[in-house]
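Please keep the sequence and the model in view while reading.

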Amino acid sequence: GLLEDPDSNVRAAVLKSVEEQPSASVASQVAAYIAQEKDPDLLVHATRVLRKSKITGGERGDKSLKALYTLLGHESWRVRAEATEALTEMIAARSGVAAKIQADFYIRMSDLLDDPDGFVASKAMLALEKADVLPTPAKVARAAQLHPELAAQAVKMLAKNSNSNPASIPLVQAFATHKDPTVRAV
């Protein structure tokens, strides 16, 4: 009930306490809390609670995933980055993830490659490294153009993906003339 307290310090104390010993029942309440909270710092705390709760399956896990997906469009880069890391960890923890859930996750991570913040885009890139097939290789190449610090990583991902998706080959070839010699070497 204290997650609804009007004082943000009280809500922060509750989240900190719950983060130390997360439980499945509290994770559901925190997922609902995320929809109401506006403070970016508190949303980061709430995201960490869901991440540490390790609830990955069933109805509670689905609620946690849905709550975190809503944060991918948040105005704060810190909230988007924390939600991306939490989702990546939670999807990885699910054994035998349904193809639909995994595909939805990788599509959302591909969309996040367009994020204006390079740190958020790098977290999405890390999430996509585990994909057997990149949903949209062109977005990986575009992310490298938007955020040059991701270019070497993008080339590696595209090269790995070229066996399963030939559309990656010309994208890799385009990096052969990149201005950064490290990227050309990769």
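Two residues are said to be in contact when heavy atoms of theirs lie within 4.5 Å. The model is a predicted one: local features need pLDDT of at least 70, side-chain atom pairs count only at pLDDT 80 or more, and totals for chains, interfaces and linings use all residues. Residues are numbered from 1 along each chain as its sequence is written, and side-chain values use heavy atoms, with hydrogens and water left out.

## The chain as a whole

The chain contains 11 helices and 0 strands; here helices (H or I, at least four residues) and strands (E, at least two) are DSSP runs, numbered from the N terminus. Read from the N terminus, the order of elements is α-α-α-α-α-α-α-α-α-α-α. Along the principal axes, the C-alpha atoms fill a box of roughly 60 × 35 × 20 Å.

Of the 186 residues, 46% are buried. A residue is called buried under 20% relative accessible area, exposed over 50%, and partly exposed in between, using a 1.4 Å probe and protein chains only. The accessible surface of the chain is about 9,600 Å², and carbon and sulfur atoms account for 53% of this surface. Such areas come from the Shrake-Rupley method with a 1.4 Å probe, and for residues only the protein chains shown count as cover.

Among contacts between residues at least 6 apart in sequence, 61% join residues at least 24 apart. As for charge, the chain carries 23 positive and 23 negative side chains, and the centres of these two sets are 5 Å apart. In this count Lys and Arg are positive and Asp and Glu negative, while His and the chain ends are not counted. Each charge is placed at NZ of Lys, CZ of Arg, CG of Asp or CD of Glu.

| Residue | Location | Relative accessible area |
|---|---|---|
| Thr47 | helix H3 (residues 40-53) | 0% |
| Val79 | helix H5 (residues 77-93) | 1% |
| Ala131 | loop between H7 and H8 | 5% |
| Leu65 | helix H4 (residues 58-71) | 6% |

Thr47 counts as buried because its relative accessibility is 0%. Leaving aside neighbours within four places in sequence, Thr47 is in contact with Leu68, Leu71, Glu82, Ala83 and Ala86.

Val79, with residues up to four places away in sequence not counted, touches Pro40, Leu43, Val44, Leu71 and His74. The C-alpha atoms of Val79 and Leu15, which are 64 residues apart along the chain, are separated by 15 Å.

Leu65 is in contact with Leu87, Met90, Ile91, Arg94 and Ile101, again leaving aside neighbours within four places in sequence. Between the C-alpha atoms of Leu65 and Asp111, 46 residues apart along the chain, there is a separation of 17 Å.

Which residues does Ala131 contact, leaving aside its neighbours within four places in sequence? They are Tyr106 and Lys160. Ala131 and Gln102 are 29 residues apart in sequence, and their C-alpha atoms are 8.9 Å apart in space.

## Helix H8 and its cover

Helix H8 spans residues 137-146, and its buried residues are Pro137, Lys139, Val140, Ala141, Ala143 and Ala144. What covers these buried residues includes helix H6 (99-112), helix H7 (118-128), helix H9 (151-161) and helix H10 (168-174).

## Empty spaces

Rolling a probe the size of a water molecule over the atoms shows where empty space is left. On a 1 Å grid over the protein atoms alone, a cavity is a set of points where a 1.4 Å probe fits but cannot get out, whereas a pocket is an open set with protein on both sides within 12 Å along at least five of seven lines; lining residues have an atom within 4 Å of a point. Grid points are joined across faces, edges and corners, and a volume is the space filled by probe spheres set on the points.

The largest pocket holds about 190 Å³ of space. Its lining consists of Gly1, Leu2, Leu3, Glu4, Val14, Val18, Val26, Gln29, Ala32, Tyr33 and Gln36. The elements that give two or more residues to this lining are helix H1 (8-20) and helix H2 (24-34), and H2 provides the largest share, 4 residues.

The structure has 1 cavity of 30 Å³ or more. The largest cavity has a volume of about 50 Å³, and the residues lining this cavity are Leu128, Glu129, Ala131, Asp132, Leu134, Met157, Lys160 and Asn161. The largest share of the cavity lining, 3 residues, comes from H9. Ala131 and Lys160, both part of this lining, are also in contact with each other.
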